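Student: I have a structure to read with you. Can we take it feature by feature?

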Amino acid sequence: MLPKLGLHCQSPSVTISSDQGNNERMFKILILLCIQFVLMPGALCTTEVSTHIVFISDSHGNCEFGEQMNKLLRSVNGSYVHSLAIGGSSPDTWLRPTRRVVSPLGIEERGYAGDPVLRPRKLVKTTTPYFPDFLLKSFVQNATARKLTVINLGTNSLTPTHLQKESEKMVRVVFDHKSDCVWISPPNSRRWSNEKTATYYQAIHEGLEAAGEGGPSNKKCLLIDSGKLTEFPSDLPRGPTVDGVHYCWHPELIKRANQWAEKAFPQIKSYFSLE
């Protein structure tokens, strides 16, 4: 039996006679033909996608948290992950049909299950898209796949009241696009007291409760409490690699960013029974 290939090539039909050798030789021939057809005009190679995941974030997604979360989401069998992290963005900026906000701090990434996350060396100037349009354009690539949207926003929201209303709107948009939903709340930081982190978490919680249930799983949007998963070290002196907000640049903060993602992902996997 020939090994199962993750890459499927559609091309002009080729006949291989039974006298061309054993299975090992046939396998080598098929590999060479597939490579040849990839290079031919009109050839079509696709990877089977069973779960299309959209992951959006603010500047926390520009840091190692976003990189590690991308890796973990790509560990889901049959996944395709489309992520967009925009520094300074908030639910408000993602929900504007006009008056789009431009940020110099953008990273957009795409990858299939098992693909490495290869981050660009520089952040790029990015216009925050209108959230419903962004989901539509992303999900259409794998229209028959299960859909999952992971949101990591809230740090840049003006007030808890704004965040409550905007989180409800965003989740309703997710459900309208027949997608399951995850919201990862803002982490602890030196600029925010633990009480403020909890207040913003509660605002998101109330917004998600108001949005109700939806998506293919017909469940409420999963809310992950980052306040319980993170702790910004108080003993790190402020400097070029320590701004009191971002889990970036400093080795200790990078370690904690990875831990944040690694603690959040199992909750996603369990809630939606992902393999």
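Student: Where does Lys 178 lie?
Tutor: Lys 178 is in the loop between α5 (160–176) and β8. Bear in mind that this is a predicted model. Lys 178 is not a glycine, yet its phi is positive, about 60°.

Student: Is Lys 178 buried or exposed?
Tutor: Exposed means over 50% relative accessible area. Lys 178 has 59% relative accessibility, so it counts as exposed.

Student: Where is Trp 249 found?
Tutor: Look in the loop between β11 and α7. Trp 249 has a positive phi too, near 70°, and is a residue other than glycine. Its relative accessibility is 47%, and therefore it counts as partly exposed.

Student: How do strands of a sheet pair?
Tutor: They use backbone hydrogen bonds, in a parallel or an antiparallel arrangement. Here seven strands make an open sheet, ordered β6-β5-β4-β3-β7-β8-β11, with mixed pairing.

Student: Which strands stand at the edges?
Tutor: β6 (124–127) and β11 (222–224) do. Each has a single partner strand, so one side of each lacks a neighbour in the sheet. On average, neighbouring strands of this sheet are turned by 25° against each other, direction ignored.

Student: In which sense do β3 and β7 pair?
Tutor: Parallel: β3 (residues 51–57) and β7 (residues 146–152) pair over seven bridges. Ser 57 stands opposite Asn 152 in β7.

Student: Which strands does helix α6 touch?
Tutor: Helix α6 (residues 194–211) packs on the sheet and touches β8 (180–184) and β11. Its direction makes about 175° with that of β11. Helix α7 (residues 251–271) lies across β7, β8 and β11, and runs at about 160° to β11.

Key:
Residues numbered from 1 in each chain as written. Predicted model: local features only at pLDDT ≥ 70, side-chain atom pairs only at ≥ 80, totals over all residues. Heavy atoms only, no water. Pairing = 2+ DSSP bridges. Helix = DSSP H or I, 4+ residues; strand = E, 2+ residues; numbered from the N terminus. Axes fitted to C-alpha atoms, helices over the stretch in contact; angles between N-to-C directions. Contact = heavy atoms within 4.5 Å. Buried < 20%, exposed > 50% of the residue type's maximum accessible area, 1.4 Å probe, protein only.
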